[in-house]
Amino acid sequence: MPSVIVIGAGMSGLCMAVKLRRAGITDFTVLEKASDVGGTWRDNTYPGLRCDVPSAFYQYFFDRNPDWSHFFAAGDEIQDYFRGVVDRFALREHIELDTEVTRAEFAEGRWRVRTADGRTREADFLISASGVLHHPVVPDIPGLDSFDGAWFHTARWDHSVSLADKRVGVVGTGSTGVQIVSELGGSVPKLSLFQRTPQWVLPVPNWRNDRLTRALRSRFPALTSLEYRLIEGIFSILVAAVTRPGWQRTMISKLCELNLRTVRDQDLRRKLTPDYQAMCKRLVMSPSFYRAVRRPGVEVITERIDHVEPRGVVTTDGTLHEVDVLALATGFDSHAYLRPVELVGPTGRTLSDAWSEGPRAYRTVALPEFPNLFLLMGPHSPVGNFSLVPIAEVQADYAISWIRAWQRGEYTTAAPTREATDDYNARLRAAMPNTVWATGCQSWYLGKDGLPEVWPWSPHRHARMLRDRHTDEFVVDPAQEGVWR
Ligand code: NAP
């Protein structure tokens, strides 16, 4: 029986855990550094939090929930769903909470995994499911610490701070900032949105699923499967739009432009007009953002932030914008994948060495010189405006197929070759100019070299690619350690 350690009990780690159980592999442990499962949905609790991928598609295909309250579910409902997965699939005994992995080293044919409590565990396989957008970026704004009010990153929302009668400042206009402004605009006495770059916004409505719909879905599970596939099909328009020029890209751009025209105030519209193509940054979905910024007490500030002082934010034109609470919707370090875990392969090569030029993997799921390691949501995964859940399922299935082969005695240790990894990455890079992410804007999709670090084709192509293990592209059971190199 193979033993497996999974790092992280978020959406992809739980997916892996279910797949392991279903494959009859019971010797596995999921190590989670926080005190609860759920990853993103545990960390993010800000006002207005919703998933902007329809709930019917942002769920495991093997565990479709007939009861989603809305087309786009709120964050706490999604977190409840993932907590429910733990119970429905009897995962509790496999999950160790408050257990942070600090180092993992492959030696003598096994992974030795060290945790912050000083313990070391061993396993035949290591699966990284540590998430993509996990480390909040707190910008280095001079004077932030001198602020008299409360300030926090949106992924660390401080609910002990009451917002009633408060003047709230929000820095950032990504999906997070837009959701917060849409929720709080008009409900707090003053809301100041500090916008560095405007965003294109697609106004997709969010409707409530009535009782009849939910009852029908419960009674006829085939309906949830149909709905899942239908939404997946509709998403293929968005996928085509981001990955290649064509009518889909034009159509979504036009819809965003039409949405912007609903802002009649010329000055405000000018402030909200981006100077780059729609979808170059991750497309923001919101039916209410433009309404929210027109509500009384809401102000869009486009002057750059100069510094923070005790009473509020001072912009470069010298204006002091007084606020009582400052929420930093300033995003995440998308390139810190797996770090700060220190990963060491059998040749002594570390992850930092391997990724000195940026995160590069073999077909999104494995790394040369790091045998028996699989990555979920690894480098260049299809995370651009798509549901990450089916991606995690495909990647978990790929890892399972290798683990099953191990059980059948086909190999003991395996890692992809450097040549296959380099070839694959060269093909990725060649496809990037076609994508909308490479059309000239700053975004978290871009790597150090300015090229997007996401999948440049359709998620279906990614699924097809991982249907086969491609064993000929792996180094299997080398006679000496050095051969991994
Ligand atoms: P983000 O998209 O990276 O946006 C960060 C924002 O902060 C940008 O507007 C950025 O401006 C601004 N910013 C950063 N540093 C700044 C500074 N020093 N001064 C002023 N402004 C600054 O982050 P996010 O909104 O948290 O979203 C991250 C990702 O999380 C999304 O793209 C999405 O994948 C995911 N997300 C998903 C949902 C969902 O519903 N599924 C919801 C929220 C988030 P610039 O544009 O000028 O850099």
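Predicted model: local features only at pLDDT ≥ 70, side-chain atom pairs only at ≥ 80, totals over all residues.
Residues are numbered from 1 along each chain as its sequence is written, and side-chain values use heavy atoms, with hydrogens and water left out. Local features need pLDDT of at least 70 and side-chain atom pairs count only at pLDDT 80 or more, whereas totals for chains, interfaces and linings use all residues.

A cavity is taken as a set of points, on a 1 Å grid over the protein atoms alone, where a 1.4 Å probe fits but cannot get out; lining residues have an atom within 4 Å of a point. Grid points are joined across faces, edges and corners, and the volume is the space filled by probe spheres set on the points. The largest cavity has a volume of about 160 Å³. Its lining comprises 15 residues, of which Val132, Ser334, Pro379, His380 and Glu453 are the closest to the centre. By residue class (Ala, Val, Leu, Ile, Met, Phe, Trp, Tyr, Cys and Pro nonpolar; Asp, Glu, Lys and Arg charged; the others, Gly among them, polar), this lining divides into nine nonpolar, five polar and one charged.

The second largest cavity has a volume of about 60 Å³. Its lining includes Val239, Val242, Thr243, Trp437, Trp455 and Trp457. Helix H6 (residues 221–243) supplies the largest share of this lining, three residues. Nine of the lining residues are nonpolar and two are polar, with no charged residue.

Helices (H or I, at least four residues) and strands (E, at least two) are DSSP runs numbered from the N terminus, and two strands pair if DSSP finds at least two bridges between them. Strand E14 (residues 305–309) pairs with strand E15 (residues 312–315) in the antiparallel sense over four bridges. In this pairing Ile305 has Thr315 of E15 as its bridge partner, and a hairpin of two residues joins E14 to E15. E15 also runs antiparallel to strand E16 (residues 320–322), to which three bridges join it. Val314 stands opposite Leu320 in E16. The hairpin of E15 and E16 has four residues between the strands, and Gly318 there takes a positive phi near 90°.

Aromatic pairs were defined for rings of Phe, Tyr and Trp (its six-membered ring) with centres within 6.5 Å; planes under 30 degrees apart count as stacked, over 60 as edge-to-face and the rest as tilted. The whole structure contains 29 such pairs. The ring centres of Phe61 and Tyr228 lie 4.8 Å apart with the planes at 70°, so this pair is edge-to-face. Because Phe61 lies in the loop between helix H2 (40–43) and helix H3 (75–88) and Tyr228 in helix H6, the pair ties together parts 167 residues apart in sequence.

Trp455 and Trp457 form another edge-to-face pair, at 5.0 Å centre to centre and 80° between the planes. Trp455 is buried at 2% relative accessibility, and Trp457 is buried at 18%. Both residues belong to the lining of the second largest cavity. One aromatic cluster consists of Trp41, Tyr58, Tyr60, Phe62, Trp68, Tyr81, Phe82 and Phe89.

Charges over rings were assigned where NZ of Lys or CZ of Arg is within 6 Å of the ring centre and within 35 degrees of the ring normal. Arg229 lies over the face of Phe61, 4.4 Å from the ring centre. The charged end of Arg469 is placed over the ring of Trp402, at 4.8 Å from its centre.

Notes: 1 Å grid on protein atoms, 1.4 Å probe; cavity = no way out; pocket = protein on both sides within 12 Å on 5 of 7 lines; lining within 4 Å. Buried < 20%, exposed > 50% of the residue type's maximum accessible area, 1.4 Å probe, protein only.
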